[in-house]
Amino acid sequence: MDNGEFLVSTGSGGAVMPALWVSTGNRTVFTKKLSTDSAYKAMNLKWSGIGANGVYTVNEYDSAAFGSRGAQQRAWVTEDYGDTWAVLYDHGSGASSERHVHGCAYDEYRDAFWLTLGDEGATAGIIVSWDRGETWEVVTRTHQPTAIWPLPDSVVFGTDSAPNGILRVYQPAPSACT
């Protein structure tokens, strides 16, 4: 993080329940801040964790096979360098749980939050919140976006389905994504 401390996540599928840890004291002490409710859910920093000025994100990534995923997958936000965390987005249960949250990021350039949702179909794509997670707008329901990189003039997204590549939203603003 930009204060010199670390966010560290443990993966899924092992004997240790996945969790998110935050360092303090010049990266010498780590404290568990979040944990998942399933050994198949990782606290995903691979395609998340982008932030600045104390605002950082992490999401639960369910790696279980399609058809057996957990009912709840969430994105979390901290506004105090990882000391406290709140739910930013809840993907819900039922049919939508078969999709999963790929990544989330805080966009310091536009004071927005971006999420990528995977496994194609009706709930896949890119969504954005301009009001700190109160409401979400659909940017696209195409491709299968993963990683998110907010830049001063655009937001760039990686994909992991055909066509693989890079997606870019130039000069995003609330009116550009409706």
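Y106 stands opposite F113, a residue of strand β9. The model described here is predicted. In it, strands β8 (residues 100-107) and β9 (residues 112-118) pair in the antiparallel sense over seven bridges.

**Strands β8 and β9**

- Eight of the eight residues of β8 are buried, so the strand is largely enclosed by the rest of the structure.
- The hairpin of β8 and β9 has four residues between the strands.
- In this hairpin, D111 takes a positive phi near 50 degrees.

**A salt bridge between D107 and R110**

- The side chains of D107 and R110 meet in a salt bridge, with an N to O distance of 2.7 Å.
- D107 has a relative accessible area of 0% and is therefore buried.
- R110 has a relative accessible area of 16%; because buried means under 20%, R110 is buried too.

**A salt bridge between E79 and R132**

- E79 forms a salt bridge with R132, and their closest N and O atoms are 3.0 Å apart.
- E79 lies in the loop between β6 and β7, while R132 lies in the loop between β10 (125-129) and β11 (137-140).
- The pair therefore ties together parts that are 53 residues apart in sequence.
- E79 counts as partly exposed because its relative accessibility is 48%, a value between the limits of 20% and 50%.
- R132 also counts as partly exposed, at 32% relative accessibility.
- Salt bridges that share partners join E79, R132 and D111 into one network.
- D111 is also the residue with the positive phi in the hairpin of β8 and β9.

**A salt bridge between K33 and D83**

- The side chains of K33 and D83 meet in a salt bridge, at 3.4 Å from N to O.
- This pair links distant parts of the chain, with the two residues 50 residues apart.
- K33 belongs to strand β3 (residues 29-35), whereas D83 sits in the loop between β6 (74-78) and β7 (86-90).
- K33 has a relative accessibility of 29%, so it counts as partly exposed.

**Background to the pairs**

- Side chains of opposite charge can pair when their charged atoms come close.

Terms used: Residues are numbered from 1 along each chain as its sequence is written. This is a predicted model: local features need pLDDT of at least 70, side-chain atom pairs count only at pLDDT 80 or more; totals for chains, interfaces and linings use all residues. Side-chain values use heavy atoms; hydrogens and water are left out. Buried means under 20% relative accessible area, exposed over 50%, partly exposed in between (1.4 Å probe, protein chains only). Two strands pair if DSSP finds at least two bridges between them. A salt bridge is a side-chain nitrogen of Lys or Arg within 4 Å of a carboxyl oxygen of Asp or Glu.
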